[in-house]
Amino acid sequence: MIHRSTILSILILSICLGLINTPVFSSEDDDSFTTDFRLQDCKFVPWGVNPYFILIPGYQLVLEGQEDDEEILVQITVLDKIKYIDLRDEGLGIVKTRVVEEQEWVDEEIAEISWNYFACCCKTNAIYYFGEDVDIYEDGEVVSHEGAWIAGKKGAMPGLVMPGTFLLNSKYYQEIAPKVAMDRAENITMGLKIKTDAGNFKNCVEVRETTPLEPDSESIKMYCPSVGLVYDDGIELVDYGMIFWNNH
């Protein structure tokens, strides 16, 4: 059971709050996706809140839905854990990132657990993606680590997962790991009203995700202010808020 708390109290915890006026996109033609985010200008911290992404330990989203007649449950939890990413060769030093755990069940069986590494740029309030470790399951056993990548290794670099200022029609890479993970996003809609089992939300945004590794694939995600992800290709938010656990 998630214990709700006002997002206002979460916002107060973030030293990045309010620094959202600086665009994070390089100017490129309309058909291209940005890969240059001027990361050298950022001071990265492993926490933060921007309008559509909450990176505070203990925050959790729960989404449910159906896909191909299968019941899907996704639980996303911001952990009280840190991952250090070595980007000294890229001139960015060693970046301290926050670990966000995503667990997915299909028909009540665990299908995948990933540990995603994010950090907030204090200059822009944008959230950047530095990689992930992945366990893929079949019949309760780990069978693959497909999709895992870490910035600074094998040509991978950080991507932009959520800009501090949502600019309509902006296009940007979320993952930059050649031949492994090259997800990219396009901001396609603003001002949406969305109703889910978790509540009614307004001023939401829609993002279309694609990847050159699978040219025919497309994913639609929707995010709402002070909440985060509320819709992901047919699964919808059913609960959200702060959870509390015992430290070990």
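**Close-up views of a predicted model**

View 1. The place of R38 is in the loop between α1 (7–13) and β1 (44–45), where helices (H or I, at least four residues) and strands (E, at least two) are DSSP runs, numbered from the N terminus. This is a predicted model, in which local features need pLDDT of at least 70 and side-chain atom pairs count only at pLDDT 80 or more, while totals for chains, interfaces and linings use all residues. Residues are numbered from 1 along each chain as its sequence is written, and side-chain values use heavy atoms, with hydrogens and water left out. Most residues other than glycine have a negative phi. The phi of R38, however, is near 50 degrees, a positive value in a residue other than glycine. R38 is partly exposed, with a relative accessible area of 47%; here buried means under 20% relative accessible area, exposed means over 50%, and partly exposed lies in between (1.4 Å probe, protein chains only).

**View 2. K154 in another loop.** K154 is found in the loop between β10 and β11, and its phi, near 55 degrees, is a positive value in a residue other than glycine. At 83% relative accessibility, K154 counts as exposed.

**View 3. Strand β8 and its partners.** Strand β8 (residues 127–138) is mostly covered, since nine of its 12 residues are buried. Strand β7 (residues 109–121) pairs with β8 in the antiparallel sense over nine bridges, and two strands are said to pair if DSSP finds at least two bridges between them. Within this pairing, Y117 stands opposite G131 in β8. G131 also stands opposite I150 in β10, a strand (residues 149–150) that runs antiparallel to β8 and is joined to it by two bridges. With strand β11 (residues 159–162), β8 pairs in the antiparallel sense over three bridges, and there Y128 stands opposite L160.

**View 4. The two hairpins of β8.** β7 and β8 form a hairpin with five residues between them, and N125 in the turn has a positive phi of about 65 degrees. In the hairpin of β8 and β9, two residues lie between the strands, and D139 takes a positive phi near 55 degrees. β8 and strand β9 (residues 141–144) pair in the antiparallel sense over three bridges, with V142 in β9 as the bridge partner of Y137.

**View 5. E175, a buried charged residue.** E175 is placed in the loop between β12 (171–173) and β13 (184–196). E175 is buried yet has no salt bridge, and the nearest side chain of opposite charge, K221, is 9.1 Å away. Lys and Arg count as positive and Asp and Glu as negative, whereas His and the chain ends are not counted; a salt bridge is a side-chain nitrogen of Lys or Arg within 4 Å of a carboxyl oxygen of Asp or Glu. Leaving aside its neighbours within four places in sequence, E175 is in contact (heavy atoms within 4.5 Å) with several residues, including Y129, E132 and G159.

**View 6. The largest nonpolar core.** Of the 71 residues in the largest nonpolar core, F44, L61, Y128, F130, F201, V227 and L237 touch the most other members. Strand β5 (residues 70–87) gives the most to this core, with seven residues. Such a core is a set of buried Ala, Val, Leu, Ile, Met, Phe, Trp, Tyr and Cys residues joined through side-chain atoms within 4.5 Å.
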